[in-house]
Amino acid sequence: MTNRHGSPLALYLAVAYALLVAYASLHPLSGWRDNGVPVFDFLSAAWPRYYTGFDLAANIFAYVPLGFLLVPALQMRLGVAAAALLAALAGGGLSLALETLQNFLPSRVPSNIDLACNAIGAMIGAAAGMNWGRELVDGGRLHRLRMRLVTSGHGADFGLVLLGLWLLAQLNPELLLFGTGDLRALLELPPLPYSAQRFAVIEAGVAAAGTLAAGLITWSLLRLHHRGLLVALLLPPLAVKAFASTLLVNAAQFAHWITPGNLAGLAAGMLALLAATYLPPLAQRMLAALALLFSTALVNLAPENPYLTASLAVWQQGHFLNFNGLTKLVSSLWPFAALPYLMLPRPRQGEHA
């Protein structure tokens, strides 16, 4: 049956992406104050003295996915042309709101150039959505592939968004492999004293528990329960980790996360995951929740690793400062979004033995 309201998955992705853009634009969300300047003065400001091509390209590209995703999310209700127009306007409106809010943050400077680039990016994304966004809607090739591989329903769409956010979290090279839920800065938790043996054990435990939790969430979404496919789907996060280390740190540091502790944890987690696929679905979700809680506890107890600190000493965050803050936020909050998802009731026909 055709979905008259557009693609739920595209809508969920668009909302999640808009929230991420808002956080990155307002990071670090501290020091709010009124500087007394009219909030819309930036709209008539002169071209800034210092601006780079990277800044322009980044501001354009940042809003392309938002414009693209909004078209398939809305087109079944409004039609393609109206959905594209609304997507472009929504992207520009979001940018205007965020640039205006930057007036109240001492670490941010509102810019009409940023606003123009963001609006251009949203328009480019909306134009692309008119041509290719339909692939995400009922009848499109990507939608058919999603229906063939993944279970149907809004819960499955939310699960796919969760896995996408989990992949995003792996782009921060500071974090332990598959480690999420780090709240030490918020709760002022002191780490355990460092020792090489203690750190290796915690590192292995985090990698194993993270592999088990993410793998079981993936398994719960698969329509075709093929264990070889499950193993293959755990390779992309490792590629993302290596890519982040290469791009954001240094090409020579692409493998700094390949340690004996992580390798042992990956092996143990994969064996536990393959064994857990034979459990009933309810037991799998309970085990995934326990693995998430265990991993989060270990992450918050992990000692500072001087060797990791030394390997990241060459890391110049520069243009990626806001992006790295964003990935750290996603990583910190991810378990607390995944746990409610695991507790959602499943219809009996959706359960897989």
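1. Ala-73 belongs to helix α2, which covers residues 53-78. In this predicted model, Ala-73 has a relative accessibility of 4% and therefore counts as buried, the cut-off for that class being under 20%. Its C-alpha is 8.0 Å from that of Ala-14, although 59 residues separate Ala-73 and Ala-14 in sequence.

2. Ala-14 is itself one of the buried residues of α1. The others in this helix include Leu-9, Ala-10, Ala-16, Ala-18, Leu-20 and Val-21. Towards the end of the list come Ala-22, Tyr-23, Ala-24, Ser-25 and Leu-26, also buried. Helix α1 runs over residues 8-26, 19 residues in total. From first C-alpha to last, α1 reaches 27 Å, close to the 27 Å expected at 1.5 Å a residue.

3. The largest nonpolar core has 35 residues. Those touching the most other members are Leu-177, Ile-217, Leu-273, Leu-292, Trp-334 and Leu-342. Two or more residues come from each of α6 (154-169), α8 (196-221), α10 (235-249), α11 (260-276), α12 (281-301) and α14 (321-343). The biggest contribution is that of α8, with nine residues. As a general remark, nonpolar side chains in soluble globular proteins tend to be buried together.

4. Leu-189 sits in the loop between α7 (184-187) and α8. Is Leu-189 buried or partly exposed? Its relative accessibility is 34%, so Leu-189 counts as partly exposed; that class lies between the limits of 20% and 50%. Beyond its neighbours within four places in sequence, Leu-189 is in contact with Arg-184 and Asn-300. Leu-189 and Asn-300 are 111 residues apart in sequence, while their C-alpha atoms are 7.3 Å apart in space.

5. On confidence, the protein has a mean pLDDT of 84, and 88% of its residues reach 70 or more. Residues 348-353 have a pLDDT below 50. In the model, this stretch makes nine contacts beyond near neighbours in sequence.

Technical notes:
Residues numbered from 1 in each chain as written. Predicted model: local features only at pLDDT ≥ 70, side-chain atom pairs only at ≥ 80, totals over all residues. Heavy atoms only, no water. pLDDT = per-residue confidence, 0-100. Contact = heavy atoms within 4.5 Å. Core = buried A, V, L, I, M, F, W, Y, C linked by side-chain atoms within 4.5 Å. Buried < 20%, exposed > 50% of the residue type's maximum accessible area, 1.4 Å probe, protein only. Helix = DSSP H or I, 4+ residues; strand = E, 2+ residues; numbered from the N terminus. Expected span 1.5 Å × (residues − 1).
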